[in-house]
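Please open the structure in your viewer and keep the selection tool at hand.

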Amino acid sequence: MMKPLPFPAVLFIEPTNQCNFKCGVCPESVPDFREKAGYYQRMSEATWRRVYAELGDIYMGFEAIRFWGMGEPMLNPNLASMIQGLSLTTNRTELATNGSLLDRYAGPLLGSGLDLLRISVYGGTADYADNSGSIFQAKDILDQARRFRKMRDERGSKTPHITAQLMAPPQDVPEFIFEWSGVADDLSIDLRHNWGGSDQRLVSIGIAAPTTGCCPKPFRELYIKANGDVSVCCLDWDGQLVVGNVNRQSLSEIWNGPEIDDIRASHENGTRSFLSACRDCNFMTRDAQGNFL
């Protein structure tokens, strides 16, 4: 089997899997999400401190630590402290958010050492509330982002770099570009996927054929869920690829354990079809321009 890295290059930390949006493209919209996920909580201080202590003691230099998962990270009031605590162990700290709570946490986030803020945009004026399953409108999110940008610029800082990513149908692209240009530092369009084909009740967000070959995620990433479970994939919302729990094991033990090696072997030897979470996944299927087919 191909030898993995000594430690993952990218670490995902899920501050919470609770969300104030119920987007149709996200598993959060499934009525039995809590039951299928197996938990519905913020990451406890005890779990967070275990991760912090281990990484502070044994490892420096992640490619990136990404503070997101299934929920809205800002629903965890300790988010800024979590980012600041790990900022010295990585080359880059990243946060993905729906932007609905930016006004409330702008100050702490700007002082946390955050390198990149990605705001997910769920549509334009006409369809934002329906697409996001929330009480918010497109203008609410845009105005908060504009105020956050102003605060950052007034501090004479270039970080966090702000990117806005459209997670909505193509008809919203012109309005998205017009409204968000000059607010975000750059814009992107979501590369859509099917959440591993995990639930047919989700709004269709990908038509590509399943990925073929070996997925790199089990060889370079770990995803720490809010309940302490550790998965090899940030799309693993229902825990099918959990390989340990940080409340009972160290990350080093999990990264080098037999459970994760079994998943790696399945991808290497062509038997990934036996993994239900990987069998129909189209996350890595893209055309030459990087778009999903």
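In this tour, a residue is buried when its relative accessible area is under 20%, exposed when that area is over 50%, and partly exposed in between (1.4 Å probe, protein chains only). The model is a predicted one, in which local features need pLDDT of at least 70, side-chain atom pairs count only at pLDDT 80 or more, and totals for chains, interfaces and linings use all residues. Residues are numbered from 1 along each chain as its sequence is written, and side-chain values use heavy atoms, with hydrogens and water left out.

**First stop: Arg152**

Select Arg152, which is buried at 4% relative accessibility. Its side chain takes part in a salt bridge (a side-chain nitrogen of Lys or Arg within 4 Å of a carboxyl oxygen of Asp or Glu) with Asp185, where the closest N and O atoms are 2.7 Å apart. Because Arg152 belongs to helix α6 and Asp185 to the loop between α7 (173–180) and β6 (186–189), this pair ties together parts that are 33 residues apart in sequence. Helices (H or I, at least four residues) and strands (E, at least two) are DSSP runs, numbered from the N terminus. Asp185 is partly exposed, at 30% relative accessibility.

Asp153 has a relative accessible area of 37% and is partly exposed.

**Second stop: Lys139 and Asp143**

Select Lys139 and Asp143, whose side chains meet in a salt bridge of 2.6 Å, N to O. The two residues are four apart in helix α6 (residues 138–154), so about one helical turn separates them. Side chains of opposite charge can pair when their charged atoms come close. The structure holds 14 salt bridges.

**Third stop: the cysteines**

How many disulfides (pairs of cysteine sulfur atoms within 2.5 Å) does the structure hold? There are zero. For Cys19, the closest cysteine sulfur is that of Cys23, 6.4 Å away and therefore too far for a bond. Cys23 is likewise in no disulfide, and its nearest cysteine sulfur, in Cys26, is 6.2 Å away. Cys19 is buried, at 16% relative accessibility, and Cys23 is buried, at 5%.

Conventions: Disulfide = S-S within 2.5 Å.
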